Amino acid sequence: MASNSAFSLFLILLIITQCLSVLNAAKDFDFFYFVQQWPGSYCDTKQSCCYPTTGKPAADFGIHGLWPNNNDGTYPSNCDPNSPYDQSQISDLISSMQQNWPTLACPSGSGSTFWSHEWEKHGTCAESVLTNQHAYFKKALDLKNQIDLLSILQGADIHPDGESYDLVNIKNAIKSAIRYTPWIQCNVDQSGNSQLYQVYICVDGSGSNLIECPIFPRGKCGTSIEFPTF
């Protein structure tokens with residue numbers, strides 16, 4: 001009798017542990033990085049770039065991704081192998097994605113390989129909040145529409161003209177417009193000059209509100225960086 005009771009207790013504890021594991025996996029992130037990239041900086045590198053099959057993108061910041069992240073700097077990835085990218089779920093968004101989320105990788109593509117990577121690596125880890133592919137990509141597009149980085153910078157007299165600008169002025173222009181501190185990622189051009197590459201802005205775990213970033217990625221820029229043409 002005692003052994004039966006012990007076995008029953010073991011089963012109950014096992015079920016509770018499994019339920020908690022599922023719950024924790026479903027909520028295994030604290031906030032999002034919303035990342036936009038400047039195409040001129042992507043292309044002005046030794047590896048260069050390839051325009052998508054739809055043609056040269058507009059001279060505007062493009063979405064790189066919406067990435068679940070943890071307050072300690074770690075992040076989940078590839079969370080749901082049973083949810084592969086399915087473009088039929090986002091057919092009404094494709095035109096907007098081609099405009100606002102273009103691929104610049106070589107060889108030239110339509111964007112589907114890029115979007116598939118973003119969904120399967122990052123989007124599947126946000127399914128507890130953005131429950132399907134349409135919700136995930138639509139949220140990123142909405143954030144892009146909300147945060148018009150090029151207009152913000154040009155309004156502060158910072159233009160993609162190949163000139164150098166103080167990093168602090170770039171950060172302050174964006175913070176003044178959105179009220180939160182961005183993180184700037186730089187890369188180097190073919191001559192080795194530091195240039196404005198990507199802008200990270202943090203969004204709360206619900207995907208609804210901009211927040212101050214709990215932690216910034218690693219990396220650094222020069223005090224003065226180029227904003228290349230495209």
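## Basis of the values

Because the model is predicted, local features require pLDDT of at least 70 and side-chain atom pairs count only at pLDDT 80 or more, while totals for chains, interfaces and linings use all residues. Residue numbers start from 1 along each chain as its sequence is written, and side-chain values rest on heavy atoms, with hydrogens and water left out.

## Helix α5

Helix α5 comprises 14 residues, 133-146, and extends 20 Å from its first C-alpha to its last, close to the expected 20 Å. Helices are DSSP runs of H or I with at least four residues, and strands are runs of E with at least two, numbered from the N terminus. The expected span is 1.5 Å times one less than the number of residues. At the start of the helix, a side-chain oxygen of N132 lies within 3.2 Å of the backbone nitrogen of H134.

## Salt bridges

The structure holds two salt bridges, each defined by a side-chain nitrogen of Lys or Arg within 4 Å of a carboxyl oxygen of Asp or Glu. One joins D60 and K144 at 3.1 Å, N to O. This pair links distant parts of the chain, with D60 in the loop between α2 and β2 and K144 in α5, 84 residues apart. D60 is partly exposed at 24% relative accessibility, whereas K144 is buried at 6%.

The other salt bridge joins D142 and K138, also at 3.1 Å, N to O. These residues are four apart in α5, and so are separated by about one helical turn. D142 is partly exposed at 37%, as is K138 at 34%.

## Aromatic pairs

There are 13 aromatic pairs, meaning rings of Phe, Tyr and Trp (its six-membered ring) with centres within 6.5 Å; planes under 30 degrees apart count as stacked, over 60 as edge-to-face and the rest as tilted. Among them, Y33 and Y200 are edge-to-face, at 5.3 Å centre to centre and 85° between the planes. Y33 lies in β1 and Y200 in β5, 167 residues apart, and both are buried.

The rings of W119 and Y136 have centres 5.6 Å apart and planes at 65°, so this pair is edge-to-face. It connects α4 with α5.

Definitions and conventions. A polar contact is a pair of N or O atoms within 3.5 Å; within protein, one must be able to donate a hydrogen and the other to accept it, and residues adjacent in sequence count only if both atoms are side-chain atoms. Buried means under 20% relative accessible area, exposed over 50%, partly exposed in between (1.4 Å probe, protein chains only).
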